[in-house]
Amino acid sequence: MSVEALSGKVFLVVTGASRGIGRQIALTFGSLLEKGSHMLLLARDLNALCEVKKSIPPIVNVDAVRMDLSKATKTDLEEAILKTLKGTTREAFDRVVLVHNVGSLVAKLLNDVTDVNDWRAYYDLNFFVPAVLNAVAMNLFDSKTNTKKLIMTISSIYAVQPFVGSGHYCTAKAAREMYFKVFALENPDVDVLIYAPGFVDTDMSTFSCENTLDPVNKERYCLTRKNKTMLTAEQSINRLVEILKVHKYKSAEVVDYHDPL
C-alpha cells in the first residue's frame with residue numbers, strides 16, 4: 001500500500017514501541033517504509049523491542065533503544081536520535097515521522113492523590129517528556145533540513161469525557177491534545193494528527209477491565225472483552241494507515257477509529 005505520508009526516505013520515531021498499539025505502529029509502518037529509511041524504537045523493554053526489530057524488513061535501518069521515558073532528559077533524547085542517524089545526515093531524509101504513543105493508566109480517586117510526586121511522575125511520562133521529545137526532534141530537523149514532518153499522538157475519549165478514577169489519564173490526555181493543537185498553530189508547516197484508536201485489545205485494556213473504579217465502565221470493558229468485540233491492534237493501525245492515505249483531516253484535528261474516511 002502506497003502512503004504518501006510514509007513515502008521516500010523516512011526517519012521514524014515510535015515511543016512505547018515494545019507492545020500494544022506502539023508495537024503495531026512500528027510493525028505496520030516499518031513494512032511500508034522504503035529502502036534507506038531509519039527507525040528509532042523507544043521503550044523500557046529492550047528484549048521486546050528487539051523482537052519488533054526482527055520483524056521489520058531489512059531494507060529499513062532500525063535502532064531499538066531501552067529508555068525509561070518517565071526519566072529521559074533532553075540530552076538522552078538528542079543522543080538517541082543522533083545515534084540512529086549515525087552514518088547518514090539529517091538532510092538525507094525526505095520525511096520525519098514522530099509517533100507519541102507512550103502512555104500509562106492509573107486507577108485512583110482524586111481525593112486519594114495527595115503526593116505531588118505522584119502527579120509529577122505520571123505527567124513526566126505522559127506529557128512532559130513527550131513534549132520535550134517533540135521539541136528536540138523539531139529542532140534537530142529544523143527548516144534547514146527541508147524535510148516534511150508528520151507528528152502523531154495517540155489520544156482517547158478520556159481527553160474529552162471524564163471518568164471516575166481516571167483523573168490522571170483524563171487530564172494528561174486533554175493536556176496532550178491541547179499541546180499539539182498549540183504546536184500546530186505555531187508550526188503550520190508540520191502535519192499533526194491526533195488519533196483515537198478505539199477500544200483495542202492490549203495490556204492497557206486488560207488493566208482497565210480489572211482495575212477501573214467506574215462501575216459502568218468496568219462492566220462495559222469486561223463485557224466487551226468477554227464477547228471478544230474489542231479491536232485488535234492491527235485493525236486499529238490499519239485504519240490509521242487508511243486515514244493517512246486519504247488525508248482528509250486538518251492539522252491537529254482529532255480523528256477517531258470509528259470516524260468515516
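**View A. The disulfide of the predicted model.** A search of the whole structure finds 1 disulfide, defined as a pair of cysteine sulfur atoms within 2.5 Å. The bond joins Cys-209 to Cys-222, with an S to S distance of 2.4 Å. These two cysteines belong to distant parts of the chain: Cys-209 sits in helix α6 (residues 203-211) and Cys-222 in helix α7 (residues 215-226), 13 residues apart. Helices (H or I, at least four residues) and strands (E, at least two) are DSSP runs, numbered from the N terminus. The link of Cys-209 and Cys-222 is right-handed, with 130 degrees about the S-S bond. Cys-209 counts as buried at 10% relative accessibility, while Cys-222 is partly exposed at 28%. Buried means under 20% relative accessible area, exposed over 50%, and partly exposed in between (1.4 Å probe, protein chains only). This is a predicted model, in which local features need pLDDT of at least 70 and side-chain atom pairs count only at pLDDT 80 or more, whereas totals for chains, interfaces and linings use all residues. Residues are numbered from 1 along each chain as its sequence is written, and side-chain values use heavy atoms, with hydrogens and water left out.

**View B. Cys-170 and Cys-50.** The closest cysteine sulfur to that of Cys-170 is in Cys-209, 18 Å away, which is too far for a bond. Cys-170 counts as buried, with 11% relative accessibility. Cys-50 is partly exposed, and its relative accessible area is 30%.

**View C. Packing of α6 against α7.** The axes of α6 and α7 come within 8 Å and cross at roughly 130 degrees. Axes are lines fitted to C-alpha atoms, for helices over the stretch in contact, and angles run from 0 to 180 degrees between N-to-C directions. The two helices, α6 and α7, are therefore oblique to each other. Angles under 35 degrees count as roughly parallel, over 145 as roughly antiparallel, 65 to 115 as roughly perpendicular and the rest as oblique. The crossing of α6 and α7 is left-handed; a crossing has this hand if the near helix is turned anticlockwise from the far one by less than a right angle, and is right-handed if clockwise. From α6, Ser-205, Thr-206, Ser-208, Cys-209, Glu-210 and Asn-211 meet Lys-218, Tyr-221, Cys-222 and Arg-225 of α7, where contact means heavy atoms within 4.5 Å. The residues of this contact of α6 with α7 comprise 3 nonpolar, 4 polar and 3 charged. Here Ala, Val, Leu, Ile, Met, Phe, Trp, Tyr, Cys and Pro count as nonpolar, Asp, Glu, Lys and Arg as charged, and the others, Gly among them, as polar.

**View D. Packing of α1 against α8.** Helix α1 (residues 20-32) packs on helix α8 (residues 233-246) at an angle of about 50 degrees, and their axes are 9 Å apart. That makes α1 oblique to α8. The crossing in which α1 passes α8 is right-handed. Gly-20, Ile-21, Gln-24, Ile-25, Thr-28, Phe-29 and Leu-32 form the α1 side of the contact, and Ala-233, Glu-234, Ile-237, Asn-238, Leu-240, Val-241 and Leu-244 form the α8 side. Of the residues in the contact of α1 with α8, 9 are nonpolar, 4 polar and 1 charged.

**View E. Surroundings of Thr-202.** Thr-202 lies in the loop between β6 (191-196) and α6. With a relative accessible area of 14%, Thr-202 is buried. Leaving aside residues up to four places away in sequence, Thr-202 touches Gly-20, Ile-21 and Arg-225.

**View F. Packing of α4 against α5.** The axes of α4 and helix α5 (residues 167-186) are 10 Å apart, and the two helices pack at an angle of about 20 degrees. That makes α4 roughly parallel to α5. Their crossing, of α4 and α5, is right-handed. Contact residues of α4 include Trp-119, Tyr-122, Tyr-123 and Phe-127, and those of α5 include Tyr-169, Tyr-179, Phe-180 and Phe-183. In total, the residues of the contact of α4 with α5 divide into 14 nonpolar, 5 polar and 2 charged.

**View G. Two loop residues with positive phi.** Asn-146 is found in the loop between α4 (116-140) and β5 (148-154). Phi of Asn-146 is near 60 degrees, a positive value in a residue other than glycine. Asn-146 counts as exposed, at 67% relative accessibility. His-247 lies in the loop between α8 and β7 (253-256). Although His-247 is not a glycine, its phi is positive, at about 50 degrees. His-247 is partly exposed, with a relative accessible area of 36%.
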